[in-house]
Amino acid sequence: MLTIEKGDNIVFIGNNLCSRMSYFGHFEAALYQLYPEANLTVRNMCDPGNTAGFRPHASRPSPWAFPGAEAYNPDLSRNTGSQGFFPTEDEWLDSLNADVVIAFFGLNESYGGAAGLTNFALELDSFIRYTQQQRYNDASAPQLVLISPLAFENSTELDLPDGVAENENLERYTRAMGDIAADNGVPFIDLYHPSHDWMAAGERLTTDGISLNDAGYRKLAAFLSGRLFGSVPEEEDPELLARVKEKNHFWLLDFKMPNGVHAYGRRYNPYGPDNYPYEKEKVSQLTVNRDAAIRAHLRGETYDQAAADQRTLPLPPVETNYAVEPADSVEYLYGEAALATFTTAPGFEIELFASEREFPELANPCQMNWDDRGRLWVSLMPSYPHYKPGDALPNDKLVILEDTDGDGRADELKVWADSLHLPVGFEFANGGVYVSQGTNLMFLRDTDGDDRADSREIVMSGFDDHDTHHNISAYEADPGGGIYMGEGVFLHTNVETPYGPVRGTNGGFYRFDPARRYLERTAQISIPNPWGIIFDEWGQPIFAHTSGPRVQWMLPSTMRNVYGVESPMAEDLIEPDHRVRPTSGLEIVSSRHFPEEMQGDLLINNTIGFLGTKQHRVIDKGAGFTTRWRQDLVTSTDPNFRPVDMEFAPDGSLYLVDWHNVLVGHMQHNARDPLRDHVHGRIYRITYPERPLVEAPEVEGASVTTLLDNLKLPEYRARYRTRRELREHDATEVMPALKAWVADLDRNDENYEKYVREALFVSWGAHSIDEKLLDAASTAENYRLRAAAARVVRYLGYQLEDDTQRLTAFAKDPHPRVRMEAIVGASWLPPAAGEPVLAAAEAQELDPFSREVLLNARAQMNNNAYVAPATSVAEKPDSPIARAYALGEEIFEREGYCGTCHQQDGRGLAATGYPPLAGSPWVTGEKKRLIKLVMHGLYGPLEVNGKSYDGQVPMTAYGGLMSNEEMAAVLTYVRNAFGNEAPMIAPEDIDAIRTATAGRKEMYRAGDLLEEHPFPAATKK
């Protein structure tokens, strides 16, 4: 089908079928073997979720692959706010001088069914016609080949679809592709029919029905080679295959650069120009060197790759802008000196469990988790923020820390998995560990029991890591075993799953069910960095925003999402005087080792300004919750202390992960700032010595009977780990024992309904409906238990014939929390089934927020965005100050801009060290002073409205981030919002200061500004 010429540039485009080829390499290796003298260059531009017309990117404003593609994708045509200058698909193909384009499409589109077939055909036809008009190599149109999707492999043995319905659609779409290709004179390869035959032969070829395993890719390589080139290599060359995989690794570091937001996107300014243009060039050169290594091997020649890499572009040094104190005076404390910086709440003690001094591997710890044997696991990320071209390849780790002699200090560290890159989240399930690895969700297992991972599988791909600290993280399992994963703002994720593509934009959470490999975008909400999620004992989720101080109840936001549409969010749970940011890590007090009155309290870590852990009482309020500050559990005066995660141990003590780094800001400093630490890390342990520690229950290896009895324990984490262990047992073993356990419960026991709750959660985790148990929970006196039952119906409703009727009954419940469960659950049903549930809820007395959730749920159930009725606008909306105010308000609320620290109400966060804008003469006074501090940044002590701030949190220099018009608008806004009133600032004012201070590189100190622009004597600063 193809004519290959010497020096041809071959490019793959399309979906996850070809994207995963980068990791397996068989087809590409075969291509090189068939044309060893051709000096071919092969690049894989495929990405999960891609279609012929829709190929989104977080740093590319338009997702469309060719003009007019938006007409074929109305459901994906909403503006999702992508910003940056990442090249378009055509620009990449131009830069690669593509001679041959091999295109893989059809799977994602096939989920549109028969109704979407005509639209697919039109889109594909437009793509072909457009591509045939291009001259990527500046000489001729590319040779274009279309590849159909594979058949769906029957996966009922994995509790996944059998593929019958899916294959009906795949066959339709394959036929349409063949017809369109023939009409346009384009070569076409039908993969559907031969792969259907392969899968019927017996050997398993996919991991989930749609994702080929290694055996599948070997078979595919042979088939494509034969069809495209008329020949198949006699045998595979292992050395060539290794070189192909290495080249692909470096190519993906270029094409899918982790943290590329600093190189292409909205975080490029102000510091990106210092190094990222050079890093992009260097990683491209390193990739070309791997091409040379492949060609040398094919010629039978040696190639000194290390020497070639040494000749690539040297990267310029990056100077630190850390100037709160002299950079060379940064001090890291150890031992007693470090412990002396802590203050604990009365009665509590903090002690060091482990540090990098005893265990040098313990660098940049991120997330912790206790396994079912009572061992502490920690993910380590010394490569953070991301791999630097030219350095040794990343070697991040998952480690196990053990205290084998019971003295409260770790005395052994085992490296369970290494050679990882940024494992920002992990959780145990299915006998292994699910872990974030850039764009991939990986599953790691130790198959021989030596405490080393020896099996690694890519479970799902397409999670956006364009900003690595926004990547899927903060893993936490719900009571049914679904793993919640937070994802930050402005990322664009597109994952192909056996149930269809899952797409997310601009912040939210995913729920991944390991048992069914089922992924849902469970909440699409604008949250900058969701590094904290926890479930209360009744299964209600609470999450933290991180960049902002908000902590919120998640349930109302978990309705079926629509691409590019945000769901509503509940009110902030934290009282204003104790809001801090950036938060990282949540936990609920549930330990007999802690005082009784503190049980159920919410713990929140904070990493800038206020350095420590705040403790809040949680109080039911209407459908949701509110909180009241109880105490600061622990605080530190060490500016490098960065508590990022915490969890109660099996003995009831609280463990705390300290990232321990002098720099944490992502906008305030270059990502390559030399002071970003890559070697420190600590784990602390908090105890309450007046009360005994808890006896750790038997979990791993325990009998089902013992595990069920563990569910009566007061400690949430003991039950959490017990449920996790029960999910490792077959449902046919668990469910009969569970029924007997429930039957033996004493109905007069004051904890009876809690035990029913636990039984309900176990049945949820076993994916097994016990209708008698569900009925008991659904009609319980305790509304929390009824709400839990509604949640189970939402997730196991596919097993029920009466799920709609059950949700309708919940929609009529007297308690608003139960009704809220019914409302969001209904949104996931087909409209005809969900509408009666919503109608029943609408007939009840709803508070304004519940009504807002219902209206949004109804719209999103029908794949629409809810649009509130038009509201009145300010008088003279076209006046200059009104236009500036409107633009300024939008800029103020951007993630990482003014509102992040100073808050939407302009009152700041006193507990964290962010001063108010409301009523501040720094804002309403001399405009030159205000422009200078915003343009160049501010640090050091200052006084605002009579209160002193230490200024240890540098203010970002926005001069390189805003145009004159934008800065004038946002300053006009802050000078006239929050009760302020001051003259507007014009772009000319900004330009004058920009010109006058053009040579300034450092931030201002408050004292320097006051020397230049003192306050009037009568002004209260």
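In this predicted model, helix α8, spanning residues 192-200, buries Tyr192, Pro194, Ser195, Trp198 and Met199. Viewed down the axis of α8, these buried residues fall within an arc of 165°, so they line one face of the helix. Asp197 and Ala200, on the other side of α8, are exposed. Burial here rests on a simple cut-off: a residue counts as buried when its relative accessible area is under 20%, and as exposed when that area is over 50%.

The buried residues of α8 pack against two helices, α7 (164-183) and α9 (214-229). Just after α8 comes Gly202, whose phi is positive, at about 120°.

Attention now turns to a sheet elsewhere in the chain. Four strands form an open sheet with antiparallel pairing, and their order is β7-β31-β30-β29. The edge positions are taken by β7 (349-355) and β29 (643-648); each has a single partner strand, so one side of each is left without a neighbour in the sheet. With direction ignored, neighbouring strands of this sheet are turned by 25° against each other on average.

Within this sheet, β30 and β31 can be followed residue by residue. Strand β30 covers residues 654-658 and strand β31 covers residues 682-687, and the two pair in the antiparallel sense over five bridges. As a handy landmark for the pairing, Asp658 stands opposite Arg682 in β31.

Definitions and conventions
Residues are numbered from 1 along each chain as its sequence is written. This is a predicted model: local features need pLDDT of at least 70, side-chain atom pairs count only at pLDDT 80 or more; totals for chains, interfaces and linings use all residues. Side-chain values use heavy atoms; hydrogens and water are left out. Two strands pair if DSSP finds at least two bridges between them. Axes are lines fitted to C-alpha atoms, for helices over the stretch in contact, and angles run from 0 to 180 degrees between N-to-C directions. Buried means under 20% relative accessible area, exposed over 50%, partly exposed in between (1.4 Å probe, protein chains only). The arc is that of the directions from the helix axis to the C-beta atoms. Contact means heavy atoms within 4.5 Å.
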